[in-house]
Protein chains: 2
Amino acid sequence: MSATLYAIGVGPGDPELLTLKSVRILKEVPCICVPKGREEGSSLALDIVSKAIDLKNKEILQAHFPMKKTKSPEHIYSLDAKWHETVKIILSRLNKGLNIAFITIGDPTIYSTFFYLYDRLLELKPDLKISILPGISSINASASSAAISLGLADEKIAIIPATYTDNLKDIMNTFDTIVLMKVHKVLDKIISILNELNLIDKSIYISNVGMKGEYICRDIRKLNKDELNYFSILIVKK
Amino acid sequence: MSATLYAIGVGPGDPELLTLKSVRILKEVPCICVPKGREEGSSLALDIVSKAIDLKNKEILQAHFPMKKTKSPEHIYSLDAKWHETVKIILSRLNKGLNIAFITIGDPTIYSTFFYLYDRLLELKPDLKISILPGISSINASASSAAISLGLADEKIAIIPATYTDNLKDIMNTFDTIVLMKVHKVLDKIISILNELNLIDKSIYISNVGMKGEYICRDIRKLNKDELNYFSILIVKK
């Protein structure tokens, strides 16, 4: 008697950006799992869902996702006690025949912690029944809000965490569109690179897309520094 | 008395992948515009919408989108008679105060013909009221169906029309995930590059995602050539 784990992308913030399928599954499942604690956006995912469906009579599992701020895969993947606890809780529900929806902001395949969980679950339960429901990612939503195309015809698109600046200039020269994620931490450095490459006028900054306080800045020289936050994206479109 | 043009991404094929917002707007608008003719996926967009909402009493504008198969921007942007006709029809409805939804498969910001139309409309009506509603792109849907992440933590993602093979090797070396669009035309060439870079076992082929006949191939050496078509994608995930 084994049930299905659904990974559901709930979109960037606006509950109306949920898909019909995600809403249907969220109504059907008895358990919803959401990462707890410091994880940016974790309570936001639950907040979005609560505006679209009735959470009464559902079990909400707020599980630990102990992500370490390090680039070492050994650290990221260290299966410590807290991960074990999270995996155990999820498997206990599935083994009782209860379907679970793991919810994540944006899309599960774009920089979501879901895949850390998935890898750990598969280790313990290789026959895990999984169904991943795509969601609107902040990338597509930001381009839509700014009314710009990410790519047309033969154009090439690069999506890069902005903290990665090693060969950013090469990438900016090769690609037609460059999407920089989580740009808030390194904006000064990025602006200096954009100036050097004469791309500052081709850049649009978007934060809090689909949320209250959505902010679009088409002249990033005049960017309001108060708008810098975790939910920020910079699109460079040549 | 000017109305709003909505550009709506209807997702890759499954009508349940429409967002709540797209369904609401599609129900509200009196006119739906869809590219007509040879354009791959044009009738598909209308087919998807027809499964989610009642099209009775709506005006369906099947407009010409004369895309030329050339890389020259002059050709692509040549505002010929057919484009003029399309733009004129759309503006006539907007000027009557009728909202129009332009529908496109996937997401409007990812390789959609919508932006060709948008540029032309803006030329004639700079104060055009536009609202772009994001949709699930075939990229996110394919990764979800294949249950793979497109990017985690500091990983870099490249999205490339597969017909572009100039410096594909460099890109494959630099990026963690490479998404090749419309790979059906150049698959043999791509397979030879993947073999050379020892990435053949890191590649997943997906076609018709979210449609009848969805096909996922995790060993592209054994790819069924009958499954090669316009709605195909190759994800290389190191």
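Domain bounds in this predicted model come from an automatic or database domain assignment.

**View 1. The two domains of chain A.** Chain A is divided into domain 1, covering residues 4–133, and domain 2, covering residues 138–237. Taken over C-alpha atoms, the centres of domain 1 of chain A and domain 2 of chain A are separated by 28 Å.

**View 2. The contact between domain 1 and domain 2 of chain A.** Domain 1 of chain A contributes 9 residues to the contact, and domain 2 of chain A contributes 8 residues. On the side of domain 1 of chain A that touches domain 2 of chain A, the residues divide into 4 nonpolar, 3 polar and 2 charged.

**View 3. The contact between chain A and chain B.** In this view, 43 residues of chain A are in contact with 43 residues of chain B. The elements giving two or more residues to the side of chain A that touches chain B are helix 1 (20–28), strand 5 (129–133), helix 6 (138–145) and strand 6 (157–161) of chain A. Strand 6 of chain A provides the largest share of that side, with 5 residues. The residues of the side of chain A that touches chain B comprise 26 nonpolar, 10 polar and 7 charged.

**View 4. Strand pairing across the two chains.** Strand 6 of chain A and strand 6 of chain B, the latter formed by residues 157–161, run antiparallel and are joined by 3 bridges. Ile157(A) has Ile159(B), in strand 6 of chain B, as its bridge partner. Strand 6 of chain A is also the element that gives 5 residues, the largest share, to the side of chain A that touches chain B.

Terms used: Residues are numbered from 1 along each chain as its sequence is written. Chains are lettered from A and ligands numbered from 1 in the order in which they are written. This is a predicted model: local features need pLDDT of at least 70, side-chain atom pairs count only at pLDDT 80 or more; totals for chains, interfaces and linings use all residues. Two residues are in contact if their C-beta atoms, placed from the backbone, lie within 7 Å. Helices (H or I, at least four residues) and strands (E, at least two) are DSSP runs, numbered from the N terminus. Ala, Val, Leu, Ile, Met, Phe, Trp, Tyr, Cys and Pro count as nonpolar, Asp, Glu, Lys and Arg as charged, and the others, Gly among them, as polar. Two strands pair if DSSP finds at least two bridges between them.
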